[in-house]
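I opened a new page in my notebook for this one. I'll jot down what I look up as I go.

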Amino acid sequence: MTDKFLDSLVRLQKIEEKLANFLQSFELVFENDWEVSLNNLQDTNHFYIAESGTFLNPEVYDESNNWGNRGGLLANYRELIKALNKD
């Protein structure tokens with residue numbers, strides 16, 4: 001096997017790991033904690049998502065504050081994106 005092939009395998013394994021972490025976090029936020037997530041998404045005081053923010057970029061100081069699993073989801077999302085964008 002060539003070095004390039006082995007490097008590709010290692011990269012795919014890392015992506016698979018990042019994807020599994022993201023999917024686990026996604027299930028925590030949108031299945032297991034659904035009532036909390038729904039309530040927080042409906043917040044009109046912009047405590048969980050700043051007025052100029054989005055779910056993926058909430059623009060708040062602490063993304064986990066009173067919504068613990070969301071911080072992990074966002075961190076795992078960003079790690080997955082970073083792994084996918086590596087050349």
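Predicted model: local features only at pLDDT ≥ 70, side-chain atom pairs only at ≥ 80, totals over all residues.

**Entry 1: the rings**

I started with the aromatic side chains, and I found Phe 22, Phe 26, Phe 30, Trp 34, Phe 47, Tyr 48, Phe 55, Trp 67 and Tyr 77 linked by ring pairs into a cluster. How many aromatic pairs does a search of the whole structure find? I got eight.

I then went through two of the pairs. A reminder for me: a pair of aromatic rings is described by the distance of the centres and the angle of the planes. Phe 22 and Phe 26 have ring centres 6.0 Å apart and planes at 45°, and this pair is tilted. Both belong to helix H1, and because they are four residues apart there, about one helical turn separates them.

Are these two buried or exposed? Phe 22 has a relative accessible area of 17%, so I noted it as buried. Phe 26 comes out at 39%, so that one goes down as partly exposed.

Next I took Phe 26 with Phe 30. This pair is tilted too, with 4.8 Å from centre to centre and 45° between the planes. Phe 26 and Phe 30 are four residues apart in helix H1, so again about one helical turn lies between them. With a relative accessible area of 26%, Phe 30 is partly exposed.

**Entry 2: H1 against H2**

I moved on to the helices. H1 covers residues 3–32 and H2 covers residues 34–41. Their axes come within 5 Å and cross at roughly 80°. H1 is therefore roughly perpendicular to H2, since angles from 65 to 115 degrees get that label.

Which residues meet here? On the H1 side I listed Val 29, Phe 30, Glu 31 and Asn 32, and on the H2 side Trp 34, Ser 37 and Leu 41. Sorted by class, the contact of H1 with H2 has four nonpolar residues, two polar and one charged. Phe 30 and Trp 34 were already on my page as members of the ring cluster.

**Entry 3: H1 against H3**

Helix H3 spans 68–85. I looked up how H1 packs on H3: the angle is about 155° and the axes are 8 Å apart. That makes the two helices roughly antiparallel, as the label applies to angles over 145. The crossing of H1 past H3 is left-handed.

From H1 it includes Arg 11, Ile 15, Leu 19, Phe 22, Ser 25 and Phe 26, and from H3 it includes Gly 72, Leu 73, Asn 76, Tyr 77 and Leu 80. By class, the contact of H1 with H3 holds twelve nonpolar, six polar and four charged residues.

I went back to Phe 22, which sits in helix H1. What does Phe 22 touch, leaving out residues up to four places away in sequence? I wrote down Leu 73, Asn 76, Tyr 77 and Leu 80. I also checked Phe 22 against Gly 72: they are 50 residues apart along the chain, and their C-alpha atoms are separated by 8.4 Å.

Ser 25 is in helix H1 as well. Its relative accessibility is 8%, so Ser 25 counts as buried. Not counting residues up to four places away in sequence, Ser 25 touches Gly 72, Leu 73 and Asn 76.

**Entry 4: the loop between H2 and H3**

Last, I looked at some loop residues. Most residues other than glycine have a negative phi, and I wanted to see what goes against that. His 46 has a phi near 60°, a positive value, and it lies in the loop between H2 and H3. Its relative accessible area is 36%, so His 46 is partly exposed.

Glu 59 is found in the loop between H2 and H3, and its phi is positive, near 55°. Is Glu 59 buried or exposed? Its relative accessibility is 52%, so I put it down as exposed.

Asp 62 lies in the loop between H2 and H3. Asp 62 is partly exposed, at 38% relative accessibility. Finally I compared Asp 62 with Gln 42: they are 20 residues apart along the chain, and 18 Å separates their C-alpha atoms.

Technical notes
Residues numbered from 1 in each chain as written. Heavy atoms only, no water. Axes fitted to C-alpha atoms, helices over the stretch in contact; angles between N-to-C directions. Parallel < 35°, antiparallel > 145°, perpendicular 65-115°, else oblique. Contact = heavy atoms within 4.5 Å. Nonpolar A, V, L, I, M, F, W, Y, C, P; charged D, E, K, R; others polar. Buried < 20%, exposed > 50% of the residue type's maximum accessible area, 1.4 Å probe, protein only. Phe/Tyr/Trp six-rings, centres within 6.5 Å; stacked < 30°, edge-to-face > 60°. Left-handed = near helix turned anticlockwise from the far one by under 90°.
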